[in-house]
Number of protein chains: 2
Amino acid sequence: MKNLKAGIIGFGTVGTGVYKVLQSFKEIEIKKIAVKNINKKRNIEGFNQNLLTDNAEEIVNNPEIDVVVEVAGGINPAFDLLKTAIKNGKHIITANKELLAKKGEELFRLAKEKNVVILYEAAVAGGIPIIMPIKTILSANKITKIAAILNGTTNYILTKMHEQGLSYEVALKQAQELGYAETDPTGDVEGFDAAYKISVLSTISFNQRVSIDKIYREGITKIKPQDIKSAKELGYRIKLIAMGQVLENGKIDVRVHPMLVSKKHLLAKIDNATNSIMLTGYPVGDLIFTGAGAGAEPTASSVVGDILVLASELEASDKPLPQTICHHDKNAVQIEIGDTYNEYYISINASNNPGAIGIIGTICGRNNINISTIMQNGIKEDNTAEIVVITEISKESDIQKALKEMLESDCIKNIDNLLRVMN
Amino acid sequence: MKNLKAGIIGFGTVGTGVYKVLQSFKEIEIKKIAVKNINKKRNIEGFNQNLLTDNAEEIVNNPEIDVVVEVAGGINPAFDLLKTAIKNGKHIITANKELLAKKGEELFRLAKEKNVVILYEAAVAGGIPIIMPIKTILSANKITKIAAILNGTTNYILTKMHEQGLSYEVALKQAQELGYAETDPTGDVEGFDAAYKISVLSTISFNQRVSIDKIYREGITKIKPQDIKSAKELGYRIKLIAMGQVLENGKIDVRVHPMLVSKKHLLAKIDNATNSIMLTGYPVGDLIFTGAGAGAEPTASSVVGDILVLASELEASDKPLPQTICHHDKNAVQIEIGDTYNEYYISINASNNPGAIGIIGTICGRNNINISTIMQNGIKEDNTAEIVVITEISKESDIQKALKEMLESDCIKNIDNLLRVMN
């Protein structure tokens, strides 16, 4: 392994984890750590306070530093700092999914020009090895599909809703109290975090740049206890699924939304804050990778793993291995949600009227939607009925049209929820 | 990627799969394929019969060939052929778990001397990426535990026994008819195949040579429908588990045997011929890798993946990367089964006598065994009772002593089965 000098930008949970794990690898010397507040008390045994700086420029412009480890997160100032570091010929290790999703193209292009690598195992699914395996040992494969649980916070909340029948609001509050969710949970519960990750993961899997701006995204805030209950009765669990697939016409379908996942599917069995990625390719078939998607230690495993791989490669050669370069020239052609095909779960509030099911059936029929299950789920106090429909594979735009027609019928009071189904 | 010339030894299911997948990678040219019968009809479109030879020496001694792909299996003649190839400076890709388990030490030593690499992703768990991730992206970890389903045949048989209540014999026969089990199933059902794989996997995981001769091994042939039924009632599934762990004293505990796996454990949910590996390390925590453990295409994914990694490395440098060398100087100190600690399932045939449970409890007590569950499972025609005991963590030698004492009691007719338990 080549001796490398590293600078770390960011010294929160992950940065501290990386610092601690690196203490066992004397080949990697930490030269500087950039923090916001240099005077903050840090409870790390034997820590040399002189490593700290509040000026990250001292890292990215330091000629002694070979590799910059960015674990600060966010676009600013990380983007400018990493550009400077790359221009100065430094290799980059980052856990910053948002930065890669939004600015990855520019960073990877610049890195290719400057003959440095950007490694980012920690940006997707924390400790789970997925990016490096796709680039190396799985490189004989044409990967055509990913379906994954990439956000631990929402999986924790959904697990509690399933296990304890909690409402979304109560489960969120518990998750916040236990530190699984942030005070402002938007990034997690509205699916932004999962969308960043699936854009990075599908880009490397499908070998073309998937744009974050064209990823359809829906969070878990509208899931009701009633949906969880109906899902259970029908043999499903509700999960926030990040998915990507290459269609037969070569177009790409990437999205994040809650799904009813058949309880027979291994992803339905992933509980609490665990992450899991199912990947389908030829010739390998289906693979599932499961583990901790966040946390100081699992994330440090990936960050330090990337540093050690780089050190190993640089011992053999000054130029980075072709397999670790990941600039993609081709932009994916991404389809709109309306053009996707799915099975659907529709929860409908209708008059308690013997004609309701007939109307639903008729509207579905004339919109090319085959119903596989229809179930009346009890009568409410206002004498309306809760009707749940599961469809066969249908086009999203047909479903949207049918829902609109249903709402125009006197008999249908409301579409309480529309979720997609994975069997 | 560097252009490489490859010779393939063995052209059965896996060899044919490798040949087909390599057609998409023009950088890898197949120079020769060694087969037993050169005249056998091969149904491969556009196949050039001139590639075949029945003399594998033409591959291992061919100065044009850079890499030898060995997918023939067995010790002879693979061992001598690969030694010759290594001495001639060729890199090796092999799927041969038996060869690595029995002769790995000599091969890896020779490869190190000759500055060539031996890659063997396909030797453990077919298409699942595990060896390369452990050597690269997980290399920051100290791996302390592996628990895995590494044999698809036995997992298929046990799944059918669980799902359909079949006897071992009937389930085996069905597996043979469907091609999941061989005519002579010994290598699978007696745990040899899983033992080869866990020796290879634990060697690379624990960074010390684990000897196949010291791996305790027990197959699935003694599992009875009654055991499956009791396991189900108690919330378990029976799986053939290959496990390895580093104990606190630094000694190594590696073994293959059936276990009752708690149905909450993800390994309990792996059905049919699927393989799954759970790996525990610091800092990563628990990771689980699941996928196809056999078959032409998944295995070809790993074989060709190794070839492409090698080609990528050799483009950057003539010397192999340090991370791909895997000779281990240190021999593991492996403990005997008697010195292991486990929870146990004991199935006891006793007189239908109110004192039986008392006797079992007394014998367990004086041998330091705490019972966590004891359950009488119906009375047989001969007026004996089937009693099932689940113990807390106990030492295997204490268990063996207790079983001996039980058999000396008039009241205990037989110990029908002893299995270990994983919660």
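Start with the buried residues of α6 in chain A. They are A:G152, A:T153, A:T154, A:N155, A:Y156, A:I157, A:L158, A:K160, A:M161 and A:H162. Keep in mind that this is a predicted model. Buried here means that 20 or more other C-beta atoms lie within 10 Å of the residue's own. Of the 13 residues in α6(A), 10 pass that cut-off, so the helix is largely enclosed by the rest of the structure.

What covers those buried residues? Among the strands of chain A, the cover includes β7 (142-149), β9 (236-246) and β11 (274-282). Helices α7 (168-177), α8 (186-189) and α10 (225-233) of chain A are also part of it.

Now the length of α6(A), residues 152-164. At 1.5 Å a residue, its 13 residues should span 18 Å. The end C-alpha atoms are 18 Å apart, so the two values agree. Just after the helix, A:G165 takes a positive phi of about 65°.

On to the contact between the chains. Chain A gives 45 residues, and chain B gives 45 residues. On the chain A side, α1 (13-22), α5 (131-135), β12 (285-292) and α11 (296-316) each supply at least two. The largest share, 13 residues, comes from α11(A). By class, the chain A side has 24 nonpolar, 14 polar and seven charged residues.

Last, the strands. How do β12(A) and β12(B) pair? In the antiparallel sense, over five bridges. Take A:I288 as one case: its bridge partner in β12(B) is B:T290.

Definitions and conventions:
Residues numbered from 1 in each chain as written. Chains lettered and ligands numbered in written order. Predicted model: local features only at pLDDT ≥ 70, side-chain atom pairs only at ≥ 80, totals over all residues. Contact = placed C-beta atoms within 7 Å. Helix = DSSP H or I, 4+ residues; strand = E, 2+ residues; numbered from the N terminus. Nonpolar A, V, L, I, M, F, W, Y, C, P; charged D, E, K, R; others polar. Pairing = 2+ DSSP bridges. Expected span 1.5 Å × (residues − 1). Buried ≥ 20, exposed ≤ 12 C-beta atoms within 10 Å, placed from the backbone.
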